[in-house]
Amino acid sequence: MEEDDIYTKDGTVDYKGNPANKKKTGTWRACPYIIGNEGCERLAYYGMSTNLVLYFKHRLNQHSAVATKNNQNWGGTCYLTPLIGAFLADSYLGRYWTIACFSIIYIIGLTLLALSASVHGIRPRCYAEDNCNPTKTQSAMTFLSLYLIALGTGGIKPCVSSYGADQFDDTDEKEKKHKSSFFNWFYFSINIGALIAASVLVWVQDNVNWGWGFGIPAIAMAVALCFFFSGTRLYRNQKPGGSAITRLCQVMVASVKKYNVAVPADKSLLYETADAESNIKGSRKIDHSNDLSFFDKAAVETQTDQVKGSVNPWRLCTVTQVEELKAIIRLLPIWASGIIFSTVYSQMGNLFVLQGERMDTRVGHSNFHIPPASLSIFDTLSVIFWVPVYDRIIVPVTRKFTGHKHGLTQLQRMGIGLFISIFAMVAAAVLEHERLKMIKRHNYYELKEVPMTIFWQVPQYFLIGCAEVFTFIGQLEFFYEQAPDAMRSFCSALSLTTVALGSYLSSLLVTIVTSVTAKDGKPGWIPDKINYGHIDYFFWLLAALSVLNLGVYILIAKWYTYKKAVGTLSVN
């Protein structure tokens, strides 16, 4: 019995493929390498992406609306490619090798981007600061590099947070209680990387050159990979469970084939393996749930379900397999509610930067000018402030009132973040309204920098940072916990796609708003010269959508049924 307690019971193995020893692998002894890897990778990502909209505008000679759309489309793609990485990780490669392979693609993309901004003949030819004339080949080189980066990050984003959480045995209550804390500190490391990117690297890009501004992220990503490989002997690894898409399709096909078969009132009659473990590699059994009962038909045994003594998986599925599909379907409404939040979040890299560019960027009365994109440092500082406050103060205090082990449920945590995000848009709209009033009063329309300090943007950044701690971290933990064991990378990727769709929705809204408002010689809400525009109206639009989204979310959260995993896993 004592020997059994030495090994994990969630099916994890060590780097040699042997059962993972609790005393030698995983927990906080392995997590520093994963957290260090994430910090460096995020430094690389934010280091090259934070200021990207200005690179498009000033070096690739794109109009404000075009630069904004290209930036949001690329950013959106970075959050769609995780579906590819997640599929490979859950089905075939496992999280360790997926992270390793895609990191190499990532480094190649970053290196090409640095070369495209620094090597003569490849970089755009510039005659003055805002007077560049890139060729189609030079622009294509930039976008090739960027979309290689998007592919590379697709194998890392969905796997790293899940891989870190894998280091804590789900069947061990002592280890499991540290998992929520891991997600908090994991997100903390993301923002340490973002802090350095928004302060140091944006300054390098604006004041030294873009070659170094993109080259340093490439070096940071190489360091991230070294961090990751350094912890190899300490990691616990979940075995890939085969194609999750095939399993989900089997349940849907079997349910449709048996649409006229009645589901028995006694749910213990539904088909499940007799063993203590499920027949899905790397997955515990999942308890039957009463909702979405149509799919239970796939687990009702009939005489035609077996072929030559073996079960036909396209006609008969286990309860666990059915519950996998149900778990994904239940997650979808929660997932959809994150899209509007991500639209609000995406403004930091777009309209907030364009707004700040037309404000007084001096620090005090000095001659030092802060790059507009560097204001995102206050979003980062907000996260760095709120993560320990949440982990050390909010959780213990709310635990006394709610009795919940994490203080707030994950759904409550996400809802609070959605509420806070409304005020971020209100703050941005009010600031822009006051800025435009000053322009109109003093006829500052052609002035490059309105005499209103850029630091008035701090509240909107700080509020978004606070909302992130509640919504994004809650989302990370929620999608990991509620995911079927063999689909955790996929569900992490699913949560990340809200950022992609948020970027695409923002891009779509910009397109619609521009086409509707820029008519009959009018500049519209988002013109190239935003002093003539009304981006405050756009911020009010997002605030209104956020209020509507919060109302829908509250209804969805009341309906949600939590997953119940049963049993343990051994390693054969």
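**A look inside**

A: Let's start with glutamate 41, which counts as buried at 1% relative accessibility (buried means under 20% relative accessible area, exposed over 50%, and partly exposed in between, with a 1.4 Å probe and protein chains only). This is a predicted model, where local features need pLDDT of at least 70 and side-chain atom pairs count only at pLDDT 80 or more, while totals for chains, interfaces and linings use all residues. Residues are numbered from 1 along each chain as its sequence is written, and side-chain values use heavy atoms, leaving out hydrogens and water.

Glutamate 41 forms a salt bridge with arginine 42, with 2.8 Å between the closest N and O atoms (a salt bridge is a side-chain nitrogen of Lys or Arg within 4 Å of a carboxyl oxygen of Asp or Glu). Arginine 42 is buried too, with a relative accessible area of 3%. Searching the whole structure gives 19 salt bridges.

Another of these joins glutamate 357 to lysine 57, at 3.7 Å from N to O. Because glutamate 357 sits in helix H12 (residues 351-357) and lysine 57 in helix H2 (residues 52-58), this pair ties together parts that are 300 residues apart in sequence. Helices (H or I, at least four residues) and strands (E, at least two) are DSSP runs, numbered from the N terminus. Both glutamate 357 and lysine 57 are buried.

Aspartate 291 and arginine 330 also meet in a salt bridge, 2.9 Å from N to O. Aspartate 291 lies in the loop between strand S3 (285-286) and strand S4 (306-307), and arginine 330 in helix H11, so here the linked parts are 39 residues apart in sequence. Aspartate 291 is buried at 19% relative accessible area, and arginine 330 is buried at 2%. Shared partners join Asp291, Asp296, Glu323, Lys326 and Arg330 into one network of salt bridges.

On a 1 Å grid over the protein atoms alone, a cavity is a set of points where a 1.4 Å probe fits but cannot get out; a pocket is an open set with protein on both sides within 12 Å along at least five of seven lines, and lining residues have an atom within 4 Å of a point. Grid points are joined across faces, edges and corners, and a volume is the space filled by probe spheres set on the points. The count comes to seven cavities of 30 Å³ or more.

The largest cavity has a volume of about 450 Å³. Its lining has 28 residues, and Tyr45, Tyr46, Ser49, Tyr345 and Gly349 lie nearest the centre. Elements giving two or more residues to this lining include helix H1 (27-49), helix H8 (179-207) and helix H16 (488-517). H8 gives the most, with five residues. By class, the lining of the largest cavity has 13 nonpolar, 13 polar and two charged residues (Ala, Val, Leu, Ile, Met, Phe, Trp, Tyr, Cys and Pro count as nonpolar, Asp, Glu, Lys and Arg as charged, and the others, Gly among them, as polar).

The second largest cavity holds about 310 Å³ of space. Of its 19 lining residues, Tyr79, Tyr187, Ile190, Leu476 and Leu496 are the closest to its centre. H1 supplies the largest share of this lining, four residues. Twelve residues of the lining of the second largest cavity are nonpolar, three polar and four charged.
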